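Please examine the structure shown below before reading the report.

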Amino acid sequence: MTLHFPNMPEQITKSEVKILDYILNNTDEFLFSSIGTVSRRLGISEATISRFVRHMGCEDYKELKRSVADQSLSEGPAAKMMETLSSDQKFTVENWILRQQMYLQKTLEGLDIAEFQKAVLALLNSHRVFIHAKSASSALGQLLMFRLRRLGIETILLPSGGSEVLEGLANIKEDDIVVMFSFSKVSKEGKMILDYQKTIGYRIIVFCSRSFIPEEEQADIQLFVYRGEPTEYHSMTAPTAIVDALAVALSEQMGGESVRRLSNLHRMKKIYAPDR
């Protein structure tokens, strides 16, 4: 779904971004919630929400809800691709790369640097790292596993779906950490991981594209990445950059130990690599 308002300004505040993100990703809940309920849910004052309503060109909160209820667009990969290609500029690889620069800039603006540092330390101090990544995110999971294993961090890929996820979860201990790629919504497998954490006590790092995340879906550490608007083709440029940033930051934290491990791996490859 995308939203169009009659007088929506080009620049909106961080609080207004959070409100808009909440409406986009929790539309049904929003439509049945009072302004007071939304205020408590987001931790934003009713006065701020009222200003947001006026900035969107609506007279009051009820009109905002009517406007949201009246708006809907087709969803799915084809619709997102059409939305991406329907911009004024014709597609060129140059324009696409410039667009990725914008995605990276928005990621930098939305990323909490303190959360990133917490993620680095959590990975460094964990016993093992379990990764859950499905669909298009599976490539990111493979990349993260490759980077961490090269640094000598024991890393395990959880099955992407089905009851096999439970078999993987059964092996996780309290001093392990789970990394999830859960951009716009939490999958049923992600909900399993979040729920089972209450029993075992392991920590969770999640890659997400939402400014507002309901309390019941929040992980210990949230890493924000911008992949495009909800109706656009979703890019993996920013998530890939953050995966690599984690690897480099970990290597720096490990100091000489990371150099020793990488040098040892290089030496082993020279000894045992098959003749070419």
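## Basis of the report

The model is predicted, so local features need pLDDT of at least 70 and side-chain atom pairs count only at pLDDT 80 or more, while totals for chains, interfaces and linings use all residues. Residues are numbered from 1 along each chain as its sequence is written, and side-chain values use heavy atoms, with hydrogens and water left out.

## Strands S4 and S5

Strand S4 covers residues 203-208 and runs parallel to S5, to which 4 bridges join it. Strands here are DSSP runs (E, at least two residues), helices are runs of H or I with at least four residues, and both are numbered from the N terminus; two strands pair if DSSP finds at least two bridges between them. Phe207 stands opposite Leu223 in S5.

In a regular strand the side chains alternate between the two faces of the sheet. Strand S5, residues 221-224, is covered on both faces: Ile221 and Leu223 on one side, and Gln222 and Phe224 on the other, are all buried. Buried means under 20% relative accessible area, exposed over 50%, and partly exposed in between, for a 1.4 Å probe and protein chains only.

## Arg210

Arg210 is found in the loop between S4 and S5 and is buried, with a relative accessible area of 7%. The side chain of Arg210 makes a polar contact of 3.1 Å with that of Glu217. Such a contact is a pair of N or O atoms within 3.5 Å; within protein, one must be able to donate a hydrogen and the other to accept it, and residues adjacent in sequence count only if both atoms are side-chain atoms.

Beyond its neighbours within four places in sequence, Arg210 is in contact (heavy atoms within 4.5 Å) with residues including Asp21, Asn25, Phe183 and Phe224.

## Exposed residues

Ser135 lies in the loop between strand S1 (129-132) and helix H9 (138-150). Although Ser135 is not a glycine, it has a positive phi of about 55°. Ser135 counts as exposed, at 61% relative accessibility.

Asp28 belongs to helix H2, residues 27-31, and is exposed, with a relative accessible area of 61%. Asp28 and Ala69 are 41 residues apart in sequence, and their C-alpha atoms are 8.8 Å apart in space.
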